[in-house]
Amino acid sequence: MLRFKTLDGLDVSGKRVLVRADLNVPMQDGRVSDATRIARFAPTAVELAGKGAKVVVISHFGRPKGRDASQSLAPLAPELARACAANVVFAADCVGEAAAKAVAGLSPGGIALLENLRFHAGEEKNDAAFAKALAALGDLYVNDAFSCAHRAHASTEGIARLLPSYAGRLMQAELDALGKALENPKRPVAAVVGGAKVSTKLELIGNLLNRVDVLAIGGGMANTFLYAKGVDIGRSLCEREMAETARRILADAETAGKQIVLPVDAVVAGALTDAAGAETVAIGRVPSDKMILDIGPLSVAETLRIFDAAKTLVWNGPVGAFEHAPFDKGTVELARGVAARSQAGKLLSVAGGGDTVAALAHAGVEDKFSYVSTAGGAFLEWLEGKELPGVAALAG
């Protein structure tokens, strides 16, 4: 586990603290439609301001090609102010005269939000001159954007080489949770990996098999493994060209003494829209004209029985087409079972990834896992065992 400095004991009184946040939030009709990321970032800004820092918040938004008023951070300033219960000054640029003026006008405890970093090409290019221009606005740097840490950009990697650098509270929480889940876990360790395609999660499966004791595979991915074992899966989504890869993964797991859990029953139908035609069948008895759209109740019960022995669990991806009832039941019941074990103190559970967060919210348990990451790509790359430039820079 990488060692990194946190805000604990840090004297920030009167100092300009550049804080990299991820405020890339959903917008609708010019208004923030989901302020979750702002709310999760706010405690870091509030803590720094409370200690007398001049807090300078920087973030990207969207994928603009140069300056684009439709992708300005200006509409986020009122939301950030509400989340922090403080006044927030907005600067019309993140470098140059406008930014310098806004920062210079801050009193200790004040907060400024600078304009979209990606209005400048130097951000994504990790341009040294742009990183230097950003660094000139601060005395210290705090990265609180784990969700952007897999990108070597000027605001996540370059600037950390120029100023004393620290992890914000959200970054710290992410790294602590992932460290407990995979770097130094209590064993046995289990994992749930779902989603549509094996091909997109080969690195993830490979890294997890080196780290976990039990791997439960669901979603369309499970169909590919079942097909590779010679099971008739009807018209189910399947990467038939990945069958040999799936067989190799199964063989490697057996050799290593790792358990791979596949569905023993499934909910099938002729189409996602065919809720009335849904039925539960044993694996091996899937009708030739139907497709697997969810794991069945026996699969849920068997998986949870196996998880009863686990101390740690990592979850990435739904195990069925949870967006369409009744094909959400497997994901919902499995998630609720994991949540109940977590709430009882029997299991440390860490989940992440866009579809995963949505699935847990659908099940009503996103606040009942030990930790749920909203980091998306960064969370996935961490699970794949990749070095994240923004994290590595904090340890430098």
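Colleague: Which element gives the most to the lining of the largest cavity?

Modeller: This is a predicted model, in which local features need pLDDT of at least 70, side-chain atom pairs count only at pLDDT 80 or more, and totals for chains, interfaces and linings use all residues. Residues are numbered from 1 along each chain as its sequence is written, and side-chain values use heavy atoms, with hydrogens and water left out. Helix H1 (36-50) and helix H7 (169-183) each supply at least two residues of this lining, where helices (H or I, at least four residues) and strands (E, at least two) are DSSP runs numbered from the N terminus. The element that gives the most, with three residues, is H1.

Colleague: What is the volume of the largest cavity?

Modeller: On a 1 Å grid over the protein atoms alone, a cavity is a set of points where a 1.4 Å probe fits but cannot get out, a pocket is an open set with protein on both sides within 12 Å along at least five of seven lines, and lining residues have an atom within 4 Å of a point. Grid points are joined across faces, edges and corners, and a volume is the space filled by probe spheres set on the points. The whole structure holds two cavities of 30 Å³ or more. For the largest of them, the volume is about 110 Å³.

Colleague: How many charged residues are in the lining of the largest cavity?

Modeller: Asp-22, Arg-37, Arg-40, Asp-144 and Glu-174 are among the lining residues, as are Phe-41 and Leu-170. The classes are nonpolar (Ala, Val, Leu, Ile, Met, Phe, Trp, Tyr, Cys and Pro), charged (Asp, Glu, Lys and Arg) and polar (the others, Gly among them). Beside four nonpolar and two polar residues, the number of charged residues is five.

Colleague: Which element gives the most to the lining of the second largest cavity?

Modeller: This cavity has a volume of about 90 Å³. Its lining has 13 residues, with Ala-216, Ile-217, Val-261, Ile-295 and Thr-303 nearest the centre. Strand E10 (214-217) and helix H11 (297-307) are the elements that give two or more residues. With three residues, the element that gives the most is H11.

Colleague: How many nonpolar residues are in the lining of the second largest cavity?

Modeller: Among the residues nearest the centre are Val-261 and Ile-295. The lining as a whole has three polar residues and one charged, and the number of nonpolar residues is nine.

Colleague: What is the volume of the largest pocket?

Modeller: The lining of this pocket has 36 residues, and those nearest the centre are Gly-195, Ala-196, Gly-219, Gly-220 and Gly-320. Helix H9 (219-228), strand E14 (291-295) and helix H13 (354-363) are the elements that give two or more residues. By class, the lining has 17 nonpolar, 15 polar and four charged residues. The volume is about 500 Å³.

Colleague: What is the volume of the second largest pocket?

Modeller: Of the 17 residues in its lining, Asp-34, Thr-36, Arg-40, Val-357 and Thr-374 lie nearest the centre. H1, H13 and strand E17 (371-373) each give two or more residues. The lining divides into six nonpolar, seven polar and four charged residues. The volume is about 360 Å³.

Colleague: How far apart in sequence are the parts that Asp-8 and Arg-169 tie together?

Modeller: The structure has 19 salt bridges, each a side-chain nitrogen of Lys or Arg within 4 Å of a carboxyl oxygen of Asp or Glu. In one of them, the side chains of Asp-8 and Arg-169 meet at 2.8 Å, N to O. Because Asp-8 lies in the segment before strand E1 (16-20) and Arg-169 in helix H7, the parts tied together are apart in sequence by 161 residues.

Colleague: Is Asp-8 buried or exposed?

Modeller: Buried means under 20% relative accessible area, exposed over 50%, and partly exposed in between (1.4 Å probe, protein chains only). With a relative accessible area of 53%, Asp-8 is exposed.

Colleague: Which ring does the charged end of Arg-240 sit over?

Modeller: A charge sits over a ring if NZ of Lys or CZ of Arg is within 6 Å of the ring centre and within 35 degrees of the ring normal. The charged end of Lys-5 is placed over the ring of Tyr-166, 5.0 Å from its centre. For Arg-240, the distance to the ring centre is 4.9 Å, and the ring is that of Tyr-227.
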